[in-house]
Amino acid sequence: MQEEEFRRFLENDPSITSEKAVNSRMSRARRIEQEFKINIDYTVRDDDRMYAALLNVKDKDSAGNFQNVIRKYYIFINSKKFPTLSTYSNKLKKVR
(Lines give C-alpha, C1' and ligand atoms only; values in the text may rest on other atoms or scores of the structure.)
Protein backbone atom coordinates (compact mmCIF):
# COMPACT_ATOMS: atom_id res chain seq x y z
CA MET A 1 0.00 0.00 0.00
CA GLN A 2 1.19 3.48 -0.78
CA GLU A 3 0.65 4.69 2.77
CA GLU A 4 1.95 8.26 2.67
CA GLU A 5 0.30 9.07 -0.65
CA PHE A 6 -2.99 7.49 0.43
CA ARG A 7 -2.88 9.44 3.71
CA ARG A 8 -2.46 12.71 1.78
CA PHE A 9 -5.32 11.68 -0.51
CA LEU A 10 -7.57 11.07 2.51
CA GLU A 11 -6.51 14.32 4.18
CA ASN A 12 -7.54 16.21 1.03
CA ASP A 13 -10.89 14.41 0.73
CA PRO A 14 -13.62 16.91 1.69
CA SER A 15 -15.87 14.10 2.94
CA ILE A 16 -13.30 13.16 5.60
CA THR A 17 -13.36 15.88 8.19
CA SER A 18 -10.96 14.85 10.95
CA GLU A 19 -7.53 13.40 11.56
CA LYS A 20 -9.21 10.61 13.54
CA ALA A 21 -11.24 9.65 10.45
CA VAL A 22 -8.07 9.56 8.34
CA ASN A 23 -6.31 7.41 10.95
CA SER A 24 -9.27 5.02 11.09
CA ARG A 25 -9.20 4.51 7.34
CA MET A 26 -5.45 3.99 7.33
CA SER A 27 -5.77 1.44 10.13
CA ARG A 28 -8.53 -0.39 8.28
CA ALA A 29 -6.50 -0.47 5.08
CA ARG A 30 -3.63 -2.13 6.96
CA ARG A 31 -6.04 -4.60 8.57
CA ILE A 32 -7.49 -5.51 5.18
CA GLU A 33 -4.05 -6.41 3.91
CA GLN A 34 -3.18 -8.41 7.04
CA GLU A 35 -6.43 -10.12 8.01
CA PHE A 36 -7.82 -10.79 4.55
CA LYS A 37 -4.42 -11.37 2.91
CA ILE A 38 -5.27 -8.79 0.25
CA ASN A 39 -2.59 -6.77 -1.51
CA ILE A 40 -4.66 -3.64 -1.92
CA ASP A 41 -2.45 -2.15 -4.66
CA TYR A 42 -2.69 -5.31 -6.75
CA THR A 43 -6.42 -5.65 -6.08
CA VAL A 44 -7.58 -2.21 -7.15
CA ARG A 45 -5.77 -2.35 -10.48
CA ASP A 46 -8.16 -4.98 -11.85
CA ASP A 47 -11.95 -4.69 -11.66
CA ASP A 48 -12.53 -8.44 -11.32
CA ARG A 49 -10.06 -8.64 -8.42
CA MET A 50 -11.69 -5.57 -6.89
CA TYR A 51 -15.13 -7.15 -7.13
CA ALA A 52 -13.85 -10.40 -5.57
CA ALA A 53 -12.18 -8.50 -2.72
CA LEU A 54 -15.35 -6.55 -1.95
CA LEU A 55 -17.33 -9.78 -1.83
CA ASN A 56 -14.67 -11.36 0.37
CA VAL A 57 -14.81 -8.64 3.02
CA LYS A 58 -18.57 -8.09 2.76
CA ASP A 59 -19.47 -11.11 4.89
CA LYS A 60 -17.16 -10.03 7.69
CA ASP A 61 -17.95 -6.31 7.48
CA SER A 62 -21.55 -5.61 8.45
CA ALA A 63 -20.97 -1.85 8.77
CA GLY A 64 -19.24 -1.61 5.39
CA ASN A 65 -16.09 0.02 6.77
CA PHE A 66 -13.64 -2.31 5.04
CA GLN A 67 -15.49 -2.04 1.74
CA ASN A 68 -15.44 1.74 2.01
CA VAL A 69 -11.68 1.80 2.51
CA ILE A 70 -11.08 -0.49 -0.46
CA ARG A 71 -13.35 1.75 -2.54
CA LYS A 72 -11.45 4.88 -1.40
CA TYR A 73 -8.19 3.24 -2.36
CA TYR A 74 -9.67 2.34 -5.75
CA ILE A 75 -10.51 6.03 -6.28
CA PHE A 76 -7.02 7.01 -5.13
CA ILE A 77 -5.38 4.73 -7.70
CA ASN A 78 -7.87 4.91 -10.59
CA SER A 79 -9.37 8.41 -10.20
CA LYS A 80 -12.88 6.99 -10.54
CA LYS A 81 -15.41 5.17 -8.40
CA PHE A 82 -15.94 1.42 -8.55
CA PRO A 83 -19.56 0.52 -9.38
CA THR A 84 -21.90 -0.98 -6.81
CA LEU A 85 -21.64 -4.74 -6.37
CA SER A 86 -25.02 -5.28 -8.01
CA THR A 87 -24.12 -3.11 -11.01
CA TYR A 88 -20.83 -4.94 -11.50
CA SER A 89 -22.51 -8.32 -11.04
CA ASN A 90 -25.08 -7.46 -13.71
CA LYS A 91 -22.27 -6.38 -16.04
CA LEU A 92 -20.55 -9.76 -15.52
CA LYS A 93 -23.77 -11.63 -16.28
CA LYS A 94 -24.18 -9.77 -19.57
CA VAL A 95 -20.60 -10.56 -20.63
CA ARG A 96 -20.90 -14.29 -19.93
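## H4 against H6

Helices H4 and H6 cross with a left-handed sense (the near helix is turned anticlockwise from the far one by less than a right angle; clockwise would be right-handed). This is a predicted model, where local features need pLDDT of at least 70, side-chain atom pairs count only at pLDDT 80 or more, and totals for chains, interfaces and linings use all residues. Residue numbers start from 1 along each chain as its sequence is written, and side-chain values use heavy atoms, with hydrogens and water left out.

H4 covers residues 47-58 and H6 covers residues 85-95; their axes come within 11 Å and cross at roughly 130 degrees. Helices here are DSSP runs of H or I, at least four residues, numbered from the N terminus. Axes are lines fitted to C-alpha atoms over the stretch in contact, with angles from 0 to 180 degrees between N-to-C directions. The pair is therefore oblique (under 35 degrees is roughly parallel, over 145 roughly antiparallel, 65 to 115 roughly perpendicular, and the rest oblique).

On the H4 side, the contact (heavy atoms within 4.5 Å) uses Asp 47, Asp 48, Tyr 51, Leu 54, Leu 55 and Lys 58, and H6 brings Leu 85, Tyr 88, Ser 89 and Leu 92. That splits into 6 nonpolar, 1 polar and 3 charged residues (Ala, Val, Leu, Ile, Met, Phe, Trp, Tyr, Cys and Pro count as nonpolar, Asp, Glu, Lys and Arg as charged, and the others, Gly among them, as polar).

## H4 against H5

With H5, the axis of H4 comes within 9 Å and crosses at roughly 160 degrees. That makes the two helices roughly antiparallel, and their crossing is right-handed. From H4, Asp 47, Met 50, Leu 54, Val 57 and Lys 58 meet Phe 66, Gln 67, Ile 70, Arg 71 and Tyr 74 of H5. The tally for this contact is 6 nonpolar, 1 polar and 3 charged.

## What H5 buries

Buried residues (under 20% relative accessible area; exposed is over 50%, partly exposed in between, with a 1.4 Å probe and protein chains only) in H5 are Phe 66, Gln 67, Val 69, Ile 70, Arg 71, Lys 72, Tyr 73, Tyr 74 and Phe 76. Their cover includes H1 (3-11), H2 (19-35), H3 (40-44), H4 and H6.

## Asp 47

Asp 47 belongs to H4 and is partly exposed, at 26% relative accessible area. Leaving out residues up to four places away in sequence, Asp 47 touches Tyr 74, Phe 82 and Tyr 88. Pro 83 is 36 residues from Asp 47 in sequence, with 9.5 Å between their C-alpha atoms.
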